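Work through the exercises below with the structure open beside the text, and try each task before reading its solution.

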Amino acid sequence: MNTSNSLGNATFENYVGIGDGLSEMSFQMVAHVLTVGYAVMFAALLYFILTIKTVQPKYRTTAILSVVVMVSAGLLLFIQAQNWVNAFTFDVEQGRYFLADGSALFNNGYRYLNWLIDVPMLLFQILFVVTLTKSSFSKVRNRFWFSGSMMIITGYIGQYFEVTSFALFAFWGTVSTVFFIDILITMRKVIKEGSEGVPADAKRYLGYIWTIFLFSWMLYPGAYLMPYLIPIGLEPSLTGLASEAAVVGRQLTYTIADVTSKVVYGVLLTVVAQIMSNADGYDYNKHGEKN
């Protein structure tokens with residue numbers, strides 16, 4: 001691996017920036033993806049605020065958590081977008097974007113800081129909608145919190161070695177994956193228990209939630225490994241079209257995963273809470289119980 005002009009443990013986007021750089025299209029695609037990401041979060045914020053009273057009070061904690069998640073994700077993605085724009089400068093002669101001299105490096109760590117806030121809350125949300133028939137609420141909550149936090153912390157450490165040490169990158173990624181698998185197992189158990197004895201429509205939407213959860217969370221490992229997937233190998237591609245594809249692909253994948261795992265997941269939980277509220281006789285239009 002050529003590590004001339006080494007940036008140490010900087011993420012690989014910066015190494016691409018001191019190599020061949022990025023074309024106008026690649027640079028702008030990332031900038032636009034990040035912008036759309038925080039715009040969606042702020043739009044969803046309004047949705048969760050406006051729909052909070054459409055469910056019974058006992059289900060409203062999940063909406064409040066969605067509001068907190070949207071604020072956190074929107075602000076952190078906004079900072080990430082500004083970080084991207086400030087980290088690169090356009091070279092008129094070459095017609096490409098390169099890492100700006102003397103500026104702050106681009107850092108995917110902003111996403112990890114956001115996830116450290118959001119992931120436990122996302123996992124807690126469903127516990128305020130479904131009823132656990134066999135498991136202990138507090139034990140499941142604590143398991144979600146521990147595994148979620150450790151997954152993010154170990155992944156955060158690993159991403160700093162994605163260029164300088166594949167062994168450490170793979171080690172911390174593997175440790176993170178152990179906690180990731182534990183979360184999937186626990187979530188599946190929660191949804192299975194929560195589907196017992198609920199209206200058919202609620203059960204159907206809980207099935208959708210599991211599908212969305214599984215799909216969106218599986219995108220994160222792919223984004224983490226993106227520098228090694230395009231092309232597949234034991235060293236990240238730092239030059240050529242492959243490097244640009246990996247840069248764009250990673251930010252696009254992360255953003256799709258964030259929107260799906262936070263916004264779509266939150267909306268589906270709201271729908272389940274509305275169905276459960278209606279089944280209990282709650283009528284939002286009358287601001288009270290049905291007669």
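This is a predicted model: local features need pLDDT of at least 70, side-chain atom pairs count only at pLDDT 80 or more; totals for chains, interfaces and linings use all residues.

**Exercise 1.** Determine which parts of the chain are tied together by the salt bridge between Arg-96 and Glu-244, and decide whether Glu-244 is buried or exposed.

*Solution.* Begin with the contact itself: the side chains of Arg-96 and Glu-244 meet in a salt bridge with an N to O distance of 2.6 Å. Finally, Glu-244 has a relative accessible area of 6%, and because buried means under 20%, Glu-244 is classed as buried.

**Exercise 2.** Compare the setting of the salt bridge between Asp-118 and Lys-262 with that of the salt bridge between Asp-201 and Arg-204.

*Solution.* Take the Asp-118 and Lys-262 pair to start with, where the side chains meet at 3.1 Å, N to O. This pair links distant parts of the chain, with Asp-118 in helix α4 and Lys-262 in helix α9, 144 residues apart. Asp-118 is buried at 0% relative accessibility, and Lys-262 is buried as well, at 1%. Both residues also belong to a network of salt bridges that links Arg-111, Asp-118, Asp-258 and Lys-262.

Asp-201 is partly exposed, with a relative accessible area of 41%, and Arg-204 is partly exposed at 38%.

**Exercise 3.** Describe the largest pocket by its volume, its lining and the elements that contribute to that lining.

*Solution.* The volume of the largest pocket is about 390 Å³. Of the 22 residues in its lining, those closest to the centre are Met-151, Ser-176, Tyr-220, Pro-221 and Tyr-224. Two or more lining residues come from each of α4 (109–125), α5 (137–158), α6 (166–194), α7 (200–224) and α9 (240–279), and the largest share, 7 residues, is that of α6. Sorted by class, the lining has 15 nonpolar, 6 polar and 1 charged residues.

**Exercise 4.** Identify the residues that form a nonpolar surface patch with Leu-75, and locate Leu-75 in the fold.

*Solution.* The patch consists of Phe-42, Val-71 and Leu-75, which together have about 220 Å² of accessible area. Leu-75 is found in helix α3 (residues 60–87) and is partly exposed, with a relative accessible area of 44%.

Notes
Residues are numbered from 1 along each chain as its sequence is written. Side-chain values use heavy atoms; hydrogens and water are left out. Patches are made of residues with over 30% relative accessible area and no salt bridge: like charges are joined within 9 Å, nonpolar side chains (Val, Leu, Ile, Met, Phe, Trp, Tyr) within 5 Å. Accessible areas come from the Shrake-Rupley method with a 1.4 Å probe; for residues, only the protein chains shown count as cover. A salt bridge is a side-chain nitrogen of Lys or Arg within 4 Å of a carboxyl oxygen of Asp or Glu. Helices (H or I, at least four residues) and strands (E, at least two) are DSSP runs, numbered from the N terminus. Buried means under 20% relative accessible area, exposed over 50%, partly exposed in between (1.4 Å probe, protein chains only). On a 1 Å grid over the protein atoms alone, a cavity is a set of points where a 1.4 Å probe fits but cannot get out, and a pocket is an open set with protein on both sides within 12 Å along at least five of seven lines; lining residues have an atom within 4 Å of a point. Grid points are joined across faces, edges and corners, and a volume is the space filled by probe spheres set on the points. Ala, Val, Leu, Ile, Met, Phe, Trp, Tyr, Cys and Pro count as nonpolar, Asp, Glu, Lys and Arg as charged, and the others, Gly among them, as polar.
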